[in-house]
Amino acid sequence: MVARVQPDRKQLPLVLLRLLCLLPTGLPVRSVDFNRGTDNITVRQGDTAILRCVVEDKNSKVAWLNRSGIIFAGHDKWSLDPRVELEKRHSLEYSLRIQKVDVYDEGSYTCSVQTQHEPKTSQVYLIVQVPPKISNISSDVTVNEGSNVTLVCMANGRPEPVITWRHLTPTGRELEGEEEYLEILGITREQSGKYECKAANEVSSADVKQVKVTVNYPPTITESKSNEATTGRKASLKCEASAVPAPDFEWYRDDTRINSANGLEIKSTEGQSSLTVTNVTEEHYGNYTCVAANNLGVTNASLVLFRPGSVRGINGSISLAVPLWLLAASLLCLLSKC
């Protein structure tokens, strides 16, 4: 296409006017279509940009300029940038090649020629796109249950990246909003885990990073298992608790703490503990207490080591078989405070 822009000579840089006056007269410059006939060319950061310019006569003298000044005048390179060269695949081509394009290359470029009567120009605007890159994200954080938590994720890119957050649970749903800051009010233990920040634009694949959120909470007994035992046999009582940090366990018989000795063995791992009687005797039958504690709290559960044939209550306690009427009478007595 023949360049349609014909600016007044006064609008051109003085140094270019002087340069063009020294050049022989020629024909108008013709710019090849790029980006389907628009005046813009879009290139990703780090790629090579080729700004096309083709003249109609090989005797034409052409120059390339940008906002900083003259880049090429004829075949003489004025720019000191080693990334910039002429692209000449045939005698009429006078294209400009810019390698490893960066954001500071963005702007307007002008291919200019001295015609028989006056200078004519063809302009193109170089747009540099930048892939998304997360530049700052919160470090892993540990908080107590019920606290407020703010996670930060900042990213750079052109166009500006869209930021989304996702809690990496089995459902893996995206969280509400598209913000750099994710606020969690009154965090619960179920909201602990990894949070994924994704920064995306249309330039390339998204940049993804993660933050681990640890939520501390006091122990809760999740399972306590009483046991039936025959004298002379081995028997165990088991206790499990959920807590962060992991709880420490202790075992008690009445008000006396039990240690691994005299035929008793205590084994505790993260979240669970067992009390084993290696050789059950009559004195071993009765109630035991499992205590789980961390720096946020303490809880306990009652367990029973009982004789064969005894009846266990719902909570693991032991009772003897009694007539139904006696149980009813006892309940009535408790209610009436007799």
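A disulfide joins Cys53 to Cys111, with an S to S distance of 2.0 Å. It is one of three disulfides in the structure. The model is a predicted one.

**Disulfide Cys53–Cys111**

- The torsion about the S-S bond of Cys53 and Cys111 is about -65 degrees, so this disulfide is left-handed.
- The pair links distant parts of the chain, 58 residues apart.
- Cys53 sits in the loop between β3 and β4 (54-55), while Cys111 belongs to strand β10 (residues 107-114).
- Cys53 is buried, because its relative accessibility is 0% and the cut-off for buried is under 20%.
- Cys111 is buried too, at a relative accessible area of 1%.

**Disulfide Cys153–Cys197**

- Cys153 and Cys197 form another disulfide, and their sulfur atoms lie 1.9 Å apart.
- This link is left-handed, with -75 degrees about the S-S bond.
- Cys153 is in strand β13 (residues 149-158) and Cys197 is in strand β16, so the bond ties together parts that are 44 residues apart in sequence.
- Cys153 counts as buried at 0% relative accessibility.
- Cys197 is likewise buried, with a relative accessible area of 0%.

**Disulfide Cys239–Cys290**

- The sulfur atoms of Cys239 and Cys290 are 2.2 Å apart and form a disulfide.
- The link of Cys239 and Cys290 is left-handed, at -80 degrees about the S-S bond.
- Cys239 lies in strand β19 (residues 235-244) and Cys290 in strand β24 (residues 286-294).
- These are distant parts of the chain, 51 residues apart.
- Cys239 has 0% relative accessibility and counts as buried.
- Cys290 is buried, also with a relative accessible area of 0%.

**Glu196 in strand β16**

- Glu196 is placed in strand β16 (residues 193-200). Strand β16 also holds Cys197.
- Glu196 has a relative accessible area of 13%. It is buried, because the cut-off is under 20%.

**Five-stranded sheet**

- Five strands form an open sheet in the order β18-β25-β24-β20-β21. The pairing is mixed.
- The edges are β18 (227-228) and β21 (256-258). Each has a single partner strand, so one side of each is left without a neighbour in the sheet.
- Strand β20 (residues 248-253) runs antiparallel to β21, and three bridges join them.
- Tyr252 has Arg257 in β21 as its bridge partner.

**Three-stranded sheet**

- A further open sheet has three strands, in the order β3-β9-β8. Its pairing is antiparallel.
- β3 (49-51) and β8 (84-87) are the edge strands, and each pairs on one side only.
- Neighbouring strands of this sheet are turned by 25 degrees against each other on average, direction ignored.
- Three bridges join β3 to strand β9 (residues 95-98), and the two run antiparallel.
- Ile50 stands opposite Arg97 in β9.
- Cys53 is in the loop between β3 and β4.

**Strand β5 and its partners**

- Four of the five residues of strand β5 (residues 62-66) are buried, so the strand is largely enclosed by the rest of the structure.
- β5 runs antiparallel to β10, joined by five bridges.
- Val62 has Val113 in β10 as its bridge partner.
- β10 is also the strand that holds Cys111.
- Four bridges join β5 to strand β6 (residues 69-73), again antiparallel.
- Ala63 stands opposite Ala73 in β6.
- A hairpin connects β5 to β6 through two residues.

How values were computed
Residues numbered from 1 in each chain as written. Predicted model: local features only at pLDDT ≥ 70, side-chain atom pairs only at ≥ 80, totals over all residues. Heavy atoms only, no water. Pairing = 2+ DSSP bridges. Buried < 20%, exposed > 50% of the residue type's maximum accessible area, 1.4 Å probe, protein only. Axes fitted to C-alpha atoms, helices over the stretch in contact; angles between N-to-C directions. Disulfide = S-S within 2.5 Å.
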